[in-house]
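Reader: Please take me through one part of this model closely. Keep it brisk.

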Amino acid sequence: MIFEQGFIHEKSFFSDEESEKISEILNKSHKFNTDQETDTIRPLYNHEEYWNIITNKKILEKVKNLLGTNEIYYLYNSKSVLQRSNKDLSWHRDNVCRICKKGEDWDKKEKYNIIRVAIYLSEQKDTDTGLQVIPGSHKKKIFICYI
């Protein structure tokens, strides 16, 4: 499904206990409910408290199975966002070159090999936020605003 639709949604991927541990790291890192609270932390690899999330075995196994390889490389664009309202809703397309039909991930002979992992720990109904996707848009030459 991921290669045709461009995404998969793994609801309840983490157990309640695992989710709680990740939430604790996020709340502490973002200084949640303090006067020093910050919305965005980046890049995550500069923050040791995130290393267990970045290298989470459950996530890595899922990605390896999706791609059919044990070779996984991390890109630099990693961030943690504390978002309690729909204040930063945006659309994006994941591809290396950031230009439609340009770059190796648009080559029909190549297997699409970029996986972005997003972890949402709160219910959309509670925060009025979430990820919105357009199935198959990763392979179409069209600007999102035209859809």
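Author: What follows is a close look at Ser80 and its surroundings. This is a predicted model: local features need pLDDT of at least 70, side-chain atom pairs count only at pLDDT 80 or more, and totals for chains, interfaces and linings use all residues. Residues are numbered from 1 along each chain as its sequence is written, and side-chain values use heavy atoms, with hydrogens and water left out.

Ser80 sits in strand S2 (residues 80–81). Strands are DSSP runs of E, at least two residues, and helices are runs of H or I, at least four, numbered from the N terminus. Ser80 is buried, at 7% relative accessible area. Buried means under 20% (exposed is over 50%, partly exposed in between; 1.4 Å probe, protein chains only).

Beyond four places in sequence, Ser80 is in contact with Leu26, His30, Asp39, Thr40, Ile41, Leu44 and Tyr50. Contact means heavy atoms within 4.5 Å. Take Ile41: 39 residues separate it from Ser80 in sequence, yet their C-alpha atoms are 5.1 Å apart.

Leu26, Ile41, Leu44 and Tyr50 are among the 10 residues of the largest nonpolar core. That term covers buried Ala, Val, Leu, Ile, Met, Phe, Trp, Tyr and Cys residues joined through side-chain atoms within 4.5 Å. Helix H2 (16–29) and H4 each supply at least two core residues.
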